[in-house]
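Dear colleague,

Please find the structure below for your review. My notes on salt bridges and on one helix contact follow it.

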Amino acid sequence: MTMHETAVHASVDAMLEDLRTLVEVESPSRNPDALTASAEAVAAVIENRLGGRAALVGSAAGPHVHWSGGGDPRVLILGHHDTVFPLGTLGRRPFKVEDGRATGPGVFDMLGGLVQAVHGLALLDDRTGVEILVTADEEVGSLSSRALIEERALACGAALVCEGAADGGALKTGRKGCGTFEVSVTGRASHAGLEPEAGVNALIEASHQVLGIAALSRPDIGTTVTPTVASAGTQDNVVPAAATVLVDVRVESAAEARRIESAFASLTPHLDGAEITVRGAVGRPPMPESASAELIALAQRLLPGVEGRAVGGGSDGNFTAALGVPTLDGLGAVGGGAHADHEFLVVDAMAERAGLVAGLVNAIRNAPRNGGAHAR
């Protein structure tokens with residue numbers, strides 16, 4: 001079965017109308033008021049296009065949105081409505097469509113993918129067995145949504161993640177596990193001119209730690225350990241009593257996640273009198289390519305020529321894949337510039353990707369419950 005054989009066509013104008021609606025309700029992570037408004041807008045789009053009721057699931061991070069087509073759950077459409085952009089970004093970078101591209105905060109990551117998925121499902125006369133879960137905290141680690149994601153993924157048995165596509169429109173068949181570590185150093189302040197020797201310089205200690213932390217990287221096996229943000233000191237004539245370093249970690253295997261977590265837990269001071277505290281973990285487990293093998297094969301039958309690619313970034317698909325649930329990611333917008341001012345969505349690809357979601361849903365529902373693409 002190919003995309004042509006499914007004979008499904010979504011209205012690009014209608015998708016752009018809904019995309020404008022969602023983009024113009026700004027939804028920065030960790031802003032519950034903004035995320036409440038955004039969740040209500042997402043729910044309204046889903047209900048308008050698919051019928052039924054989209055429930056708002058409250059959490060400390062803001063409301064998640066859950067919709068079910070009823071019947072025996074077979075496939076979970078997974079996404080998020082929070083974005084990395086602060087309130088006010090829309091005023092500087094309003095939604096617009098020009099030269100075949102839609103731009104505006106969140107069009108690619110990942111409001112465009114949400115809209116395409118909803119309109120893809122709208123093409124189906126039968127929507128039973130389908131659930132949609134749109135979370136409010138993916139950009140900040142999914143701490144409040146992870147349990148719900150895992151519950152619904154296990155119940156459905158297959159997950160389609162509508163994050164933006166990889167470069168060139170490729171689907172995402174594997175992802176690295178990822179996490180952030182915070183290394184806090186406590187020293188002792190003293191006058192930098194009168195008695196520097198009386199202090200314990202937290203900045204020097206942090207510098208020792210940064211070099212050791214960076215050496216944990218093993219890029220040959222996909223492990224990157226990158227110090228990204230550091231702060232220390234209060235005045236230019238005071239030996240700094242405190243320093244903090246944030247570290248981004250990406251791994252391709254559970255064994256590497258354990259090695260890195262153990263290494264951070266074992267950090268010891270180089271300077272007498274310094275103390276070190278570490279917080280963090282590899283919060284998103286790796287998504288192995290084996291989790292997507294059967295679903296990417298289905299996608300390539302539906303859309304011949306579409307590629308699959310493993311990528312470094314994480315998504316909520318990491319959680320579903322780690323449970324053994326067949327998971328295919330990157331089904332959202334074709335475009336680029338995630339988290340950047342040049343973020344964009346390719347308008348001409350919207351209808352095709354909406355049809356791909358519809359075709360995958362049908363293929364998954366038609367597979368045996370305990371086998372094929374739906375094996376658990």
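A salt bridge is taken here as a side-chain nitrogen of Lys or Arg within 4 Å of a carboxyl oxygen of Asp or Glu. The model is predicted, so local features need pLDDT of at least 70 and side-chain atom pairs count only at pLDDT 80 or more, while totals for chains, interfaces and linings use all residues. Residues are numbered from 1 along each chain as its sequence is written, and side-chain values use heavy atoms, with hydrogens and water left out.

The search of the whole structure finds 16 salt bridges. One of them joins Glu 256 to Arg 259, at 2.9 Å from N to O. Both residues lie in helix α8 (residues 254-265), three residues apart, about one turn of the helix; helices are DSSP runs of H or I with at least four residues, strands are runs of E with at least two, and both are numbered from the N terminus. Glu 256 is buried at 9% relative accessible area, whereas Arg 259 is partly exposed at 29% (buried means under 20%, exposed over 50%, partly exposed in between, with a 1.4 Å probe and protein chains only).

Asp 316 and Arg 284 form another salt bridge, their closest N and O atoms being 2.8 Å apart. This pair links distant parts of the chain, 32 residues apart: Asp 316 is in the loop between β13 (308-311) and α10 (317-322), and Arg 284 is in strand β12 (residues 275-284). Asp 316 is buried, at 3%, and Arg 284 is buried, at 6%.

Arg 92, Arg 93 and Asp 341 are linked in a network of salt bridges.

Kind regards
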